[in-house]
Amino acid sequence: MSFRFTIGKKIGTGFGVLILFIIVVFGATFFAVNNGIKTFRENDNTSNELIQVLTPSKEKVTKLRILVNESKLLAIQWVDHQGRNDTPDKIRLSNLMQQNIPSTRDEIIALSANWKDEHDVLVLNNAIGKIDTLFAFYEEVMMLLPDIASYDDPLFSLQARFFVLQDGDIPVLAGKIDQNLLTLQNSLERKEADALELVKNSSEKAKKRFQSLTIFWILGAALIILAVVIAAFTTNSIVKPVRSLRSILLSLGKGIFPDTKIVIRNDEIGDMSQAMIELVDGLQRTTDFANQVGQSNFSYPYEPLSDEDVLGHALLKMKDELAETERILEQKVKERTEEVVKQKDEIESQNKKLEELYKDVTDSIRYAKRLQYSILPPEEKVKTICPNSFVLFKPKDIVSGDFYWFDQLNGKSYCAAVDCTGHGVPGAFMSLVGANGLNAAVREHHTDKPGSIIDELNSFVAETLNKTREDNDVRDGMDLSLISIDYKTLQLEFAGAYNPIYIIRNEEFIILPADKFAIGSFDPGTKNYNNQLFQLEKGDQIYMFSDGYADQFGGDKGKKFLYKTFREELLRVHLLSPDEQRKELNKTIVNWQGDYAQVDDILVIGIRI
């Protein structure tokens with residue numbers, strides 16, 4: 001008996017296909033549920049990172065910025081306002097250095113262990129390193145001005161003020177720290193915003209996935225009912241329309257709208273056909289509506305299939321939200337564009353003015369440099385007055401507050417290393433006064449004793465700056481060391497204001513101390529500088545200097561070079577030729593300085609007997 005593919009077998013085959021489709025639907029549902037659960041877990045992890053790491057890190061970095069800026073202002077007040085150490089501002093600065101800033105820094109370091117961005121960690125480490133250096137500057141200011149009496153010492157007060165000037169070490173370094181922390185704060189804020197956006201998007205994504213499950217369950221239930229209905233019919237009139245409906249459902253499952261006409265019959269299958277037509281029509285209208293909304297056509301008409309049409313109502317709500325969002329964005333773009341254009345014009349105008357002002361100031365200072373260098377003896381004159389000598393001269397700015405002076409009188413050679421108050425333009429003005437005073441004492445008055453020469457220089461400075469007037473509050477002056485050498489008798493005479501001289505003989509230092517009062521710090525005639533005699537020997541090496549070399553910050557920890565290290569360096573190079581000594585001393589201080597700014601003018605004079 002030959003095999004026949006009967007209606008029953010066809011229905012059985014249909015049931016098999018239908019059951020397979022049901023399995024696919026439930027498989028898709030299971031996959032959607034698992035994806036939704038995975039999305040919620042990712043959302044939970046992101047939320048934990050946001051709450052436990054990103055937001056606390058941002059808040060602590062912001063707090064550290066505030067504390068560092070507050071400490072900078074308190075350090076400036078420490079210098080500007082003379083007072084006892086138990087004043088609230090000074091106690092507050094000490095607490096910031098010992099408690100608030102270290103504890104906040106440690107909290108940030110603990111949080112940074114969970115940061116994923118290595119660049120943020122590098123920026124944090126850079127800022128922390130600079131905070132340690134900033135604390136060293138604060139300690140230096142506190143050491144220079146430990147009590148009320150220390151403010152009356154012009155040298156200590158002036159040295160402390162150098163730290164807090166606008167271009168001083170403390171404001172510059174605090175600004176760099178603030179920039180590092182601001183960069184870190186902005187990075188953390190961006191990551192916080194990204195995390196919030198990820199949480200929001202993940203929630204919406206999970207919501208949509210679980211909302212889609214309704215369609216799968218409805219479709220699955222419809223398929224089961226359809227299978228029961230099919231079991232009750234065995235006629236060919238049922239099988240054919242069911243096959244047609246099945247074909248349409250498969251096409252819709254792939255996102256393909258049917259292009260065949262559905263015949264409506266006066267029975268239950270006809271009702272299903274009518275519902276299918278309405279469904280296809282509704283999906284078509286929904287698709288058209290979504291396309292129009294995607295093209296920003298928010299006025300496109302659309303009506304949900306019914307009051308219970310969740311997707312239709314959600315689309316209408318989405319349309320309204322997108323329209324409002326686009327309106328807000330367009331307004332913001334317009335406002336930001338106008339603001340950027342206005343700021344750009346203002347910045348360009350200000351930059352042009354700054355460029356012109358900077359050029360005028362720089363040209364003036366460079367011309368002042370020519371005037372200042374005209375008072376410095378040329379190398380040929382230096383070699384003539386003091387053979388076997390060298391001068392290491394490194395101004396901090398274009399012009400300098402340090403200067404050197406050489407001259408001859410009555411068969412003696414004179415040399416002075418002078419450090420005027422300040423550096424740059426103010427120091428350069430004082431250097432002109434100092435050079436004229438020395439020239440007047442030796443060339444016009446023929447004074448030949450270093451102590452007497454400095455006494456006359458003090459009088460000249462007082463007269464030039466009108467310091468004898470009661471209403472004159474100018475406190476500028478200078479420190480110096482001045483020697484005379486009789487190369488025939490090897491007799492050395494020395495006088496100094498704060499600055500001693502070093503003599504190296506047989507690998508040992510001989511230090512001739514200076515008087516502890518600066519030029520211009522007292523009324524002429526009330527004090528006199530001591531004139532010291534010293535018998536030189538062949539091979540003696542004399543060094544005269546300002547404080548710029550020993551006070552330079554640098555090295556691995558940003559500390560001062562110090563006079564002890566300076567003497568060790570002089571002992572290392574003193575047997576070299578004068579030119580080689582100058583090169584070695586320059587190389588050493590350049591390597592020590594590294595990336596740190598030069599803090600003062602540098603002057604070192606060496607003379608070999």
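Modeller: I begin with Y563, which is partly exposed at a relative accessible area of 32%; the class covers values between buried, under 20%, and exposed, over 50%, with a 1.4 Å probe and protein chains only. The model is predicted, so local features need pLDDT of at least 70 and side-chain atom pairs pLDDT 80 or more, while totals for chains, interfaces and linings use all residues. Residues are numbered from 1 along each chain as its sequence is written, and side-chain values use heavy atoms, without hydrogens or water.

The partner of Y563 is F545, in a tilted pair with 6.2 Å between centres and 50 degrees between planes. Rings of Phe, Tyr and Trp (its six-membered ring) pair if their centres lie within 6.5 Å; planes under 30 degrees apart are stacked, over 60 edge-to-face, and the rest tilted. Because F545 belongs to strand β9 (residues 541-545) and Y563 to helix α12 (residues 563-573), the pair ties together parts 18 residues apart in sequence. Helices (H or I, at least four residues) and strands (E, at least two) are DSSP runs, numbered from the N terminus. F545 is buried, with a relative accessible area of 2%. Ring pairs also join F545 and Y563 to Y502, F509, Y549, F561, F566 and W592 in a cluster.

Across the whole structure, the search finds 17 aromatic pairs. One of them is F135 with Y138, tilted at 35 degrees and 6.2 Å centre to centre. These two residues are three apart in helix α3 (residues 118-144), and therefore about one helical turn separates them. Both F135 and Y138 are buried.
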